[in-house]
Amino acid sequence: MLKISHSWLAAIGLIALSGCAPAPDNSEPPTPTLSLERIYTNNEFSAERAPYFRWLDDGSGYTVLENRTTDSTDSSDAEQGITGSDIVFYQPDGSGRKVLISLEQLTPEGAEEPLSIDDYQWSDDGQWALIFTQAQKVWRYRTRGDYWVLNLTSNKLYQLGGDSPAPTSLMFAKFSPDSQKVAYVRDNNIYVETLGNKAVTALTSDGSDTLINGNFDWVYEEEFTITDGFRWSPDSSSIAYWQLDSSGVKFFTMINNTDSLYPTLTKFPYPKAGEQNSAVRVGVVALSDQQTRWANLPGDNRDRYIPRISWAGTSDAVLIQDVNRPQNTNTLRLFDWQNNQLKTIYTDHDDAFLEWYYQAEWQQDGSHFIWHSERDGWRHLYRISRDGTSIVDLTPGDYDVVDMITLNENTNSLYFTAAPEHPEQRFLFRTSLDGSSPPKRVTPAEFAGNNRYKMSKDASYAMHTHSRFNQPASSQIIKTEGHVTVTQLTSNQALKEKLAKEALPEHEFFQVEARDGVVLDGWIMFPPDMDSSKKYPVIFYVYGEPWGSTVQDSYSGRSYLWNSMMTQKGFIMVSVDNRGTRAPKGRDWRKSIYKKIGSVTVRDQADALDAIAKRWPQIDSSRVGVWGHSGGGSSTLNLLFRHGDKFHVGVSQAPVADIRYYDTIYQERYSGNPKTDPASYEQTSPITFAKDLQGELLLVHGTGDDNVHYQGTEALINELVKHNKQFEFMAYPNRSHGIYEGEGTTLHLQTMKTNFFIEHLKP
């Protein structure tokens, strides 16, 4: 007998009328069924978010933006009033509300509308506010726009950039520590203005399209996640900055066929694996003479990276992280810029690659700094002396620190998040700055799951955000001591009640072993009306690369809802973190994939499939799907091409089909250099194995992807055509890497993906 679930009948709108008595009046209404429109169009499941939140440095409270429309009776400029944002202060417990800056104060003289606030900051003396507005996207982030300053005493508001400021031309404006000046970048040069005086002083003058001062090229921003390229000295007398010379870096060209009658081209320097990088160096410019003193680092500036710099506590020296091109050695050098001296104080090295580059956090007197390292096989926090002779592990044990949150010298405390026992969860810990006491967990047991903290400068309070796999986030202000909630910011109670009425799946976190005994973590979601005697198709969601992790006990919003919808349609949904993903499981876990991404990583996914099929006999191993985006798109291709006997249907979104086409920093870090390690690139690129495609493939890419270029997908198409491998393909014109721009794009993509799995896996 064919078993048809009640939810399936409701979905297609059929009512069974087979002589049965009508349902009694007190019967429960039918359980709603999730749909693509409900998830992606109707905003039925929108989550309440915590406010845009900023702690004041003195720890007295926090500020938020609050929208307001002025009463027309209070406004002489507009009959209907004006709408904008006030900057409002609250004490940690939510009391003491006070408008610090009103939208009226943010309305320039003669203007009809107030400034829209993209970001804001306070001067250290509390006398000035800096407002960032009209923000425009440069590479990935909106970092160019207009900056205005407001004197909170005189109420004077004016725009930075001189007497005739060019619109949306400034970047990274910030106050000097003494609250007397503001520095910013314009046209790849660094400028400074004295507050209250519109005279502009150029600190550099050689900036050009290829010589970049205080800013970065595409690959630095993308792969080192840095945008702002200069640092004020603590005494406000000088500025340390990066300079990049991109001359000689080959340009990548993207074509836009849809926005005008004739195609337009976008060109930008993009160093692909093995190609020439921008040259990089660091200098310090003194405000007194506008002269730059350069750090004379040994070696070729085109074969090094400088991912981080910081003033070494005082204004006498800058700490430069000098990383070699293979990214297996980070040499920390102190640059005494006034005496033109360099001193190496510490070196981190790994036989494979260095996992990441963290900012050194200096104590105020410059005697010690806090440093992330995997030197003992785990990511720990160390207290290192200025001369490098004293190294103390502040977080000992066989576990990883996930994030350092903050430190407080006055209380001898350091806060960080970790997950010693559950890699899918996150908890707050406290330890001593001098190593005198062991770490202690701060997050109470009742907050199992994912916990994030935004702490006040003195670490006495924090905004705490908590969620679980199937539980939307709540946010609250806590007093750190005792983890006591003092005010609730958001609860998402309405969304939780709405979800409680849905036929949502059961889920489970699990562990299985790969063929060599490595333990893999995963989650699995079952159809809400699953019949344990029947077989169900399974869909894997995969990422698989070192840049992320999919197995986390946190709420993923629309992704969770889409997975839930697919279980309602009769699929079992699974995700597994293969070795090498950014999970807190130690150095060996992360480095074992060196020169093996695309081979051992997808082998782990195949091993996980075998293991879960044995554990849950409801899984139909003859109907297995997989999908992923970016690195997950690459993993999807490799699973179909290299393990086509196990994975039969795949949707690959924005994949790196040939890793030789990706950038230097990311790809060489994990795969070596194609000029010296050609076999690594050949044996891990999906395109090499395209000839072995057996199953059903849907390939998707945006033609305006400046990150993972559409070029690579076209190369893969040629290879599939060459071997007469049939597949389906969708190009989204001029969409970027996220494939979200344009009206209807997200719904269209999700509909296509959903229908593809239903058609070929037949739930």
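Over residues 564-762 the chain is 42% helix and 17% strand, with the end C-alpha atoms 17 Å apart. Helices (H or I, at least four residues) and strands (E, at least two) are DSSP runs, numbered from the N terminus. In UniProt, an unreviewed entry places the feature "domain: Peptidase S9 prolyl oligopeptidase catalytic" at these residues, 564-762. The structure is a predicted model, in which local features need pLDDT of at least 70 and side-chain atom pairs count only at pLDDT 80 or more, while totals for chains, interfaces and linings use all residues. Residues are numbered from 1 along each chain as its sequence is written, and side-chain values use heavy atoms, with hydrogens and water left out.

The UniProt annotation "domain: Dipeptidylpeptidase IV N-terminal", also from an unreviewed entry, covers residues 123-472. Over residues 123-472 the chain is 2% helix and 47% strand, and the end C-alpha atoms are 36 Å apart. UniProt positions are given in the numbering used here, feature names are shortened, and annotations may be inferred rather than shown by experiment.

Phi of S630 is near 60°, a positive value. S630 is found in the loop between β41 (619-629) and α8 (631-642), and it is buried because its relative accessible area is 16%. Buried means under 20% relative accessible area and exposed over 50%, with partly exposed in between (1.4 Å probe, protein chains only). I739 has a positive phi of about 50° although it is not a glycine. The place of I739 is in the loop between β44 (728-732) and α12 (745-761), and its relative accessible area of 2% makes I739 buried.

L699 is found in strand β43 (residues 696-702) and counts as buried, at 0% relative accessibility. L699 and H737 are 38 residues apart in sequence and 14 Å apart in space, C-alpha to C-alpha. L170 lies in strand β9 and is buried, with a relative accessible area of 2%. Between L170 and R642 the separation is 472 residues in sequence and 49 Å in space, C-alpha to C-alpha.

The structure holds 39 salt bridges, a salt bridge being a side-chain nitrogen of Lys or Arg within 4 Å of a carboxyl oxygen of Asp or Glu. In one of them, the side chains of D228 and K174 meet at 2.5 Å, N to O. D228 lies in the loop between α3 (218-224) and β14 (230-232), and K174 in strand β9 (residues 170-175), so the pair ties together parts that are 54 residues apart in sequence. Both D228 and K174 are buried.

A salt bridge also joins the side chains of E275 and K250 (3.0 Å, N to O). This pair links distant parts of the chain, 25 residues apart: E275 is in the loop between β17 (264-269) and β18 (279-286), and K250 in the loop between β15 (238-245) and β16 (251-256). E275 counts as partly exposed, at 28% relative accessibility, whereas K250 counts as exposed, at 55%.

The side chains of R325 and D303 meet in a salt bridge of 3.1 Å, N to O. Because R325 lies in the loop between β22 and β23 (329-336) and D303 in the loop between β19 (292-294) and β20 (304-305), the pair ties together parts that are 22 residues apart in sequence. R325 counts as buried, at 10% relative accessibility, and D303 is partly exposed, with a relative accessible area of 39%. Elsewhere, salt bridges that share partners join D350, E374, D400, R587, D588, R590 and K591 into one network.

On the surface, D124, D125, D178, D235 and D316 gather in a patch of negative charge. Patches are made of residues with over 30% relative accessible area and no salt bridge, like charges being joined within 9 Å and nonpolar side chains (Val, Leu, Ile, Met, Phe, Trp, Tyr) within 5 Å. Asp and Glu count as negative and Lys and Arg as positive, while His and the chain ends are not counted. The place of a charge is taken as NZ of Lys, CZ of Arg, CG of Asp or CD of Glu. Accessible areas come from the Shrake-Rupley method with a 1.4 Å probe, and for residues only the protein chains shown count as cover.
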